[in-house]
Amino acid sequence: MVKIVVDNAKCTGCETCVNTCPVGVYEIKESKSVPVKLDECLVCRACEAQCPEGAIQVIE
Ligand code: SF4
Ligand code: SF4
């Protein structure tokens, strides 16, 4: 199963990943991105590519 790691030290809560993910995996909680619907992930890696801080790792 896919695993998503968000580096909270890098995440600014910009919501780019929330707006990029086609299936709504992310929510912002306390100004940090949390992959709350991981089971929906299509492993398209758009979030990883678009995060301006390089805070997301999608691991298969
Ligand atoms: S795109 Fe990156 S910096 Fe922005 S909220 Fe998502 S994980 Fe955080
Ligand atoms: S890899 Fe694609 S489907 Fe999975 S969380 Fe990132 S943007 Fe969403």
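Y26 lies in strand β2 and stands opposite P35 in strand β3 of this predicted model. Strands here are DSSP runs of E with at least two residues, helices are runs of H or I with at least four residues, and both are numbered from the N terminus. Strand β2 covers residues 26-29 and strand β3 residues 32-35; the two run antiparallel and are joined by four bridges. Strands are taken to pair if DSSP finds at least two bridges between them. Residues are numbered from 1 along each chain as its sequence is written, with chains lettered from A and ligands numbered from 1 in the order in which they are written. As the model is predicted, local features need pLDDT of at least 70 and side-chain atom pairs count only at pLDDT 80 or more, while totals for chains, interfaces and linings use all residues.

Y26 is classed as buried because 24 other C-beta atoms lie within 10 Å. A residue is buried if 20 or more other C-beta atoms lie within 10 Å of its own, exposed if 12 or fewer, and partly exposed in between, with C-beta atoms placed from the backbone. Apart from its neighbours within four places in sequence, Y26 is in contact with C17, V18, C21, S33, V34 and P35. Contact requires that the C-beta atoms of two residues, placed from the backbone, lie within 7 Å. V43 is 17 residues from Y26 along the chain, and the C-alpha atoms of the two are separated by 13 Å.

In a regular strand the side chains alternate between the two faces of the sheet. The hairpin of β2 and β3 has two residues between the strands. E30, in the loop between β2 and β3, has a phi near 50°, a positive value in a residue other than glycine. E30 is exposed because 7 other C-beta atoms lie within 10 Å. A positive phi, near 55°, is also found at V43, likewise a residue other than glycine. V43 belongs to the loop between β3 and α2, and counts as exposed because it has 11 C-beta neighbours inside 10 Å.

The chain contains two helices and four strands, and its elements follow the order β-α-β-β-α-β from the N terminus on. A compact globule of 60 residues would have a radius of gyration near 10 Å, and the chain agrees, with 10 Å. This radius is taken over C-alpha atoms, and the globule rule is 2.2 Å times the number of residues to the power 0.38. Along the principal axes, the C-alpha atoms fill a box of roughly 25 × 15 × 15 Å. Buried residues account for 17% of the 60 residues. Of the contacts between residues at least 6 apart in sequence, 52% join residues at least 24 apart.

The largest nonpolar core comprises eight residues, namely C17, C21, V25, Y26, C47, C51, A55 and I56. Such a core is a set of buried Ala, Val, Leu, Ile, Met, Phe, Trp, Tyr and Cys residues joined through C-beta atoms within 7 Å. C51, leaving aside its neighbours within four places in sequence, is in contact with T16, C17 and I56.

Ligand 1 has 13 residues around it, of which C11, C14, T16, C17 and C51 come nearest. A residue is near a molecule if its C-beta atom, placed from the backbone, lies within 6 Å of it. The shell around ligand 1 consists of seven nonpolar, four polar and two charged residues. In this classification Ala, Val, Leu, Ile, Met, Phe, Trp, Tyr, Cys and Pro count as nonpolar, Asp, Glu, Lys and Arg as charged, and the others, Gly among them, as polar. Ligand 2 is surrounded by 13 residues, the closest being C21, V25, C41, C44 and C47. Its shell divides into 11 nonpolar residues, one polar and one charged.

E15 occupies the loop between β1 (3-6) and α1 (16-20), and is exposed because 12 other C-beta atoms lie within 10 Å. E15 and S31 are 16 residues apart in sequence, with a C-alpha to C-alpha distance of 9.0 Å. A49 lies in helix α2, residues 46-50, and counts as exposed because it has 11 C-beta neighbours inside 10 Å. Between A49 and T20, 29 residues apart in sequence, the C-alpha to C-alpha distance is 9.7 Å.
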